[in-house]
Amino acid sequence: MTEPLLEIKDLHVSVEGTEILHGVNLTVNAGEVHAIMGTNGSGKSTLTKVIAGHPDYEVTKGDVLYNGKSILEDEPEDRACAGIFLAFQYPVEVPGVSNMYFLRSALNAQRKSRGEAELSGAEFLDLVKEKAKLVDIDQGLLNRSVNEGFSGGEKKRNEIFQLAVLAPTLAILDETDSGLDIDALKTVASGVNSMRDPERAFLLVTHYQRLLNYIEPDRVHVLLDGRIAKSGGKELALQLEDKGYAWIEEEAATA
Amino acid sequence: MAETNETVQALAEAEYKHGWSSNVESDQLPPGLNEDIVRAISAKKNEPEWLTEWRLRAYRHWLTMPEPDWQKPKYPKIDYQNIIYYSAPKKKVSLESLDEVDPELLETFEKLGISLDEQKRLTGVAVDAVFDSVSVKTTFREELSKQGVIFCSFSEAVTDHPELVKKYLGSVVPYTDNYFATLNSAVFSDGSFCYIPPGVRCPMELSTYFRINTAGTGQFERTLLIADEGAYVSYLEGCTAPSRDENQLHAAVVELVALKGAHIKYSTVQNWYPGDKNGKGGVYNFVTKRGTAHENAKVSWTQVETGSAITWKYPSCVLKGDNSVGEFYSVALTRDHQMADTGTKMVHIGKNTKSTIVSKGISAGQGDQTYRGLVKILPKAEGARNYSVCDSLLIGGKCGAHTVPYIESSNKSAVIEHEASTSKISDDQIFFLRQRGLSEEDAVSMIVNGFCKDVLSELPMEFAVEAQKLLGLKLEGAVG
C-alpha cells in the first residue's frame, strides 16, 4: 500500500489557550476527495488553518503527516511550496498589489523552492490565460489589486483561480461554496472537477450538501465539537441534508 | 507572533548601505559663520557683486530670525558656528570630460551605483553630481545644448547665464522665507541649474546626485529650475551620505519656475544617513522646496523619503496662474529612531487651479512621522479644487503616525476633499501571502509596496527601481 498523502493523528489544537480540536484523526490518500462537514464552531476552519500552518493555532498533541513526514515544524510558506494549498473562507485584500504580480511571485517562489526555473512573463501569461478559462474569471479582475473591491463571489473565484495556477498536491477549500450563487457554485465545482487527478487530493470543508451535488466526494466526515464524530461515503452527506446534524450528536452522545 | 516581529524587525533594521566615506582631498573654509565666511564663499566662486550682496542681505536677515520649533521632531540645538560651510574636492578645476574627474570621486559615484560613465552610455539620463558642496560633473551637456537646454552647476550658471540667475534666484523662495532657506541663501555653495527654452520637451531625464562626504560639513545646495513657456522637464534628485556619529545639517533650497503652459516633474529619492539603531548620528534634512506654476502650468513633486535622522520639509506649489495644476506624491518611511514631519503646501491663487496630494507614510520600529499639509484657497481662486489623501501604515507597536491637515479656503466655490487612513499590516494578509509560498519578508515587502503604489508609479522608471530597492521591495507590475 502506498503512503497516505495526509495523515492526521490524534490532533489537539488550541487558540489563545482554548482547545478547539480534541483529537482529530483523518487519512487522505492521493486522488481522493474528502468532505468535512459540521455545524458552526465545530472546528472545521481550525483544522484547515492548522494544516496550512497558521501561527495563531497551537498544536498541543498529535501530529500532521504529509507524504509521511511531520509538517508541524514547517513554516507556512514551506508547506505551500510542498504543495499544500488553502482556499480561504474570507479571502483578504492586498491593496495596490496586482493579482497577476502576486500570483506570479507566488508561483515562482514555489517553483524556485522545487528547483524549477522561474516562469517568464510571457510563459506566465500563457498559463494564466489557460487557467482563467477553467474558472471563468474575468481578465479584468486579474489586473486589479488582489481581492480589492471584489464581490464575495469574485473573491471565491479568485481563490479557485489561484488553486488552478499553483496546482497543489493537497487542495483544502474552506467553505468556498458559502455565499456563492448557483452559477458561481457550478463554475467553482467544474474548476475543481477538472483538476481531479490521481496525484492530487481535495479536502472540502462545507456546511451544505449542495456543493457535493457537483463535486462527488469519496469520503464524508462530520466534525463535531472538535472530533470527527462520523465518517462515511457520499450518502452520508445526503443523510445530513435530510436529517440535519442532531442525530449524529445523539449517536455520539450514546456511543 | 514572535516570528512576524522578527522579520519586521529585520526589515526595519536593514543596514545603511551607503555608510562609507571617500578620501578625497578637500579644500574647505574653517568652521563658523560670519560675514567674512559669506564673502569668502562668494569669492571662492568668483561671484558678481550683486550675488555677494544678496548673500549678505540673507545672512543679516538670518541673524534676526528665531530658529523655528513648531515641528514635531525635536532635535538638540545646532551650533551654527561649528559647521563647515564650504568644502570642495580639491582637484576641482574646470572639467571638460570625465577623464579629468578625480578617480576616487568617480569611484565614489560608482559605489553609489551611478557611474557617470555608465549613465552617460546606457541610460540617457543626464547627471549633475554634487559632492559635498560642489558640482563635480554634468553629463550630456552638449547634447542638451543642441536643444537649447541649459543644465549645469549653479556656479557655472552664475558665470554663464547671470541674467537668468538674477531674474529667478529667490523669486519662488525669497531669501527672507524661513530660517533654513535664509541660511541657505547666505551660504549656499553650489547646486544645479536648469533652463528649458520655450516649447522644448527636454529629451532626457535630468538628474542630480547629492552626497555629503567631509565630516562636520553642512550641505547647502541650491537648485533652480526654469521651464519656459510650454516646456517640459522631468528632474530627478538622489541623496546619500556616509555614516557618521555626529548629526549633519542639510538645508537645501529648490526653486521651480513653470512658466505659462510648462510642466515640471521633480522626483526625489532621499536616502541620507538615518543614524544608527539607537538614534545616534544621521542627517537633519531641513529643506525648502517650492514651485510656482503660471497659467496652465503644472508642477509635480514626487518624493520617496527613506533616510535622514529627521526629515522636515514641505515641497509646495504656488498655483499662481489660472488653470494651473499642483501635485504632490510622497512616500516616507521612518524606522529605528527616524522622524519625519513632511507634507506639502498648495496655494491656490489663480482661477480653476487644481491640486492633488497623495501621501503615504510607513512607520516601523520606533519611527515617528507627521503629515502636515496646507491647502490654501485665496479669494480670487474661483473654481479651485483640491483632493488630498493621507494614508499611514504602521509596522509593529512602537511607531507613530500623525496627520495634520490645514485647510484655509477664502472662496466659496472651492471644492476641497481630504481623506485619511491609518492601518496596520494584518497578520491575515501576511499569512495569506505565505500560504501561497512567499517568505514572510517578501510578504511584508509586497504589502508595503502595494501600499505605496500610487506614489511609486509616479516616479520615472529608473528611480522607481531605486526607490523600491530602498524600500526593500520587489518590482511591482512586471506582468499584466
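Helices (H or I, at least four residues) and strands (E, at least two) are taken here as DSSP runs, numbered from the N terminus. The model is a predicted one, in which local features need pLDDT of at least 70 and side-chain atom pairs count only at pLDDT 80 or more, while totals for chains, interfaces and linings use all residues. Residues are numbered from 1 along each chain as its sequence is written, and chains are lettered from A and ligands numbered from 1 in the order in which they are written.

In chain A, an open sheet of four strands has the order β2-β1-β4-β5, with antiparallel pairing, where two strands are said to pair if DSSP finds at least two bridges between them. The edge strands of this sheet are β2 and β5 (69-70) of chain A, each of which pairs on one side only. Strand β1 (residues 6-15) of chain A is joined to strand β2 (residues 18-28) of chain A by eight bridges in the antiparallel sense, and A:Leu11 stands opposite A:Val24 in β2(A). The two strands β1(A) and β2(A) form a hairpin with two residues between them, and A:Glu16 in the turn has a positive phi of about 45 degrees. Eight bridges also join β1(A) to β4(A), again with the strands running antiparallel, and the bridge partner of A:Val13 in β4(A) is A:Val59. Between β4(A) and β5(A) the antiparallel pairing extends over two bridges, with A:Lys69 in β5(A) as the bridge partner of A:Tyr66. The hairpin of β4(A) and β5(A) has two residues between the strands, and A:Asn67 takes a positive phi near 50 degrees there.

Helix α1 (residues 44-52) of chain A lies across β1, β2 and β4 (57-66) of chain A and runs at about 65 degrees to β4(A). For such angles, axes are lines fitted to C-alpha atoms, for helices over the stretch in contact, and values run from 0 to 180 degrees between N-to-C directions; two residues are in contact if their C-beta atoms, placed from the backbone, lie within 7 Å.

A second open sheet in chain A, of six strands, has the order β6-β9-β10-β3-β11-β12, with mixed pairing. Strands β6 (84-87) and β12 (227-232) of chain A stand at the edges, each with a single partner strand, so one side of each is left without a neighbour in the sheet. The twist in this sheet averages 20 degrees from one strand to the next. Within the sheet, strand β3 (residues 33-37) of chain A and strand β10 (residues 201-206) of chain A pair in the parallel sense over five bridges, and A:His34 stands opposite A:Leu203 in β10(A). Helix α6(A) lies across β6 and β9 (170-174) of chain A, running at about 165 degrees to β6(A).

The axes of α6(A) and helix α7 (residues 182-195) of chain A come within 10 Å and cross at roughly 10 degrees. The helices α6(A) and α7(A) are therefore roughly parallel to each other, a description given to angles under 35 degrees, whereas those over 145 count as roughly antiparallel, 65 to 115 as roughly perpendicular and the rest as oblique. Their contact is made by A:Gly153, A:Lys156, A:Arg157, A:Ile160 and A:Ala164 of α6(A) and by A:Ala184, A:Thr187, A:Val188, A:Gly191 and A:Met195 of α7(A).

Between the chains, 31 residues of chain A are in contact with 24 residues of chain B. The elements giving two or more residues to this side of chain A are α2 (76-81), β7 (94-98), α3 (99-113), α4 (121-135) and α6 (152-166) of chain A, and α3(A) gives the most, with eight residues.

Chain B contains 12 helices and 23 strands, and 56% of its 480 residues count as buried, a residue being buried if 20 or more other C-beta atoms lie within 10 Å of its own, exposed if 12 or fewer, and partly exposed in between, with C-beta atoms placed from the backbone. B:Arg57, which lies in helix α3 (residues 49-63) of chain B, has 16 C-beta neighbours inside 10 Å and therefore counts as partly exposed.
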